[in-house]
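Subject: Structure for your review

Dear colleague,

Please find below the structure that I am handing over to you. My findings follow it.

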Amino acid sequence: MAARRTGAAACAAEQEEEGGGGGEEEKEVRSEVPDSLSGKYTGSFAYLTITERLPYIVTKAVDTLHRHTDTFFAQYGQEGVEAEKAAIGLMSKLRNELQTDKPVLPITDGFPDAAQWNKYLEQQQARLGSEENTSWFRAPWLFVECYMYRRIHEALLLKWVKQLIN
């Protein structure tokens, strides 16, 4: 009974059986890095994520804030409700930017990591050729997904909202 080959041994044996062994033909090695996943291709994983899942996540965050209006009022008074409205407004703007493929905007909250996010955004703008090309569907999917979470963070922790909560 012959031993079953696995891994590299199985691949080598398969190549030999197909006539690919012995190095007669060399396969071309790609040295180019492929394009990042992005939502520019309708029906792709990235497109479906950006058009369906990300807006859903932002909507759930808005819904959660709406459900806690009474808590904000009880703990912080009218200022708490105003802070909630401001956060909801910013997240609604974010959802609109995302769904309508607007350019990705710089972070403006002044937190220490904002400079890093904005530097990376500038690098993407340079790579893609312009601010307009660095939109939610055309920029790399992983960047825009992480960026969305950072924008939700920005909406929830505006300087004056943070002061109110502290």
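This is a predicted model: local features need pLDDT of at least 70, side-chain atom pairs count only at pLDDT 80 or more; totals for chains, interfaces and linings use all residues.

The protein chain has a mean pLDDT of 83, and 80% of its residues reach 70 or more. Over residues 4–15, however, pLDDT stays under 50, and the model has four contacts beyond four places in sequence for this stretch.

Glu84 is buried but has no salt bridge; Lys85, the nearest side chain of opposite charge, is 7.1 Å away. The side chain of Glu84 does have a polar contact of 2.6 Å with that of Thr69. Leaving aside residues up to four places away in sequence, Glu84 touches Leu65, His66, Thr69 and Phe72.

As to the aromatic rings, the count comes to seven pairs. One of them is formed by Trp117 and Phe143: the ring centres are 6.3 Å apart and the planes lie at 35°, so the pair is tilted. This pair links distant parts of the chain, with Trp117 in helix H4 (residues 114–128) and Phe143 in helix H5 (residues 141–156), 26 residues apart. Phe143 is buried, with a relative accessible area of 6%.

The rings of Trp136 and Tyr147 are also tilted, because their centres are 5.7 Å apart and their planes are at 55°. Trp136 lies in the loop between H4 and H5, and Tyr147 in helix H5, 11 residues apart. Both Trp136 and Tyr147 are buried. Ring pairs join Trp117, Tyr120, Trp136, Phe143 and Tyr147 into a cluster.

Yours sincerely

Technical notes. Residues are numbered from 1 along each chain as its sequence is written. Side-chain values use heavy atoms; hydrogens and water are left out. Buried means under 20% relative accessible area, exposed over 50%, partly exposed in between (1.4 Å probe, protein chains only). Lys and Arg count as positive and Asp and Glu as negative; His and the chain ends are not counted. A salt bridge is a side-chain nitrogen of Lys or Arg within 4 Å of a carboxyl oxygen of Asp or Glu. A polar contact is a pair of N or O atoms within 3.5 Å; within protein, one must be able to donate a hydrogen and the other to accept it, and residues adjacent in sequence count only if both atoms are side-chain atoms. Contact means heavy atoms within 4.5 Å. pLDDT is the predictor's confidence in each residue, from 0 to 100. Rings of Phe, Tyr and Trp (its six-membered ring) pair if their centres lie within 6.5 Å; planes under 30 degrees apart count as stacked, over 60 as edge-to-face and the rest as tilted. Helices (H or I, at least four residues) and strands (E, at least two) are DSSP runs, numbered from the N terminus.
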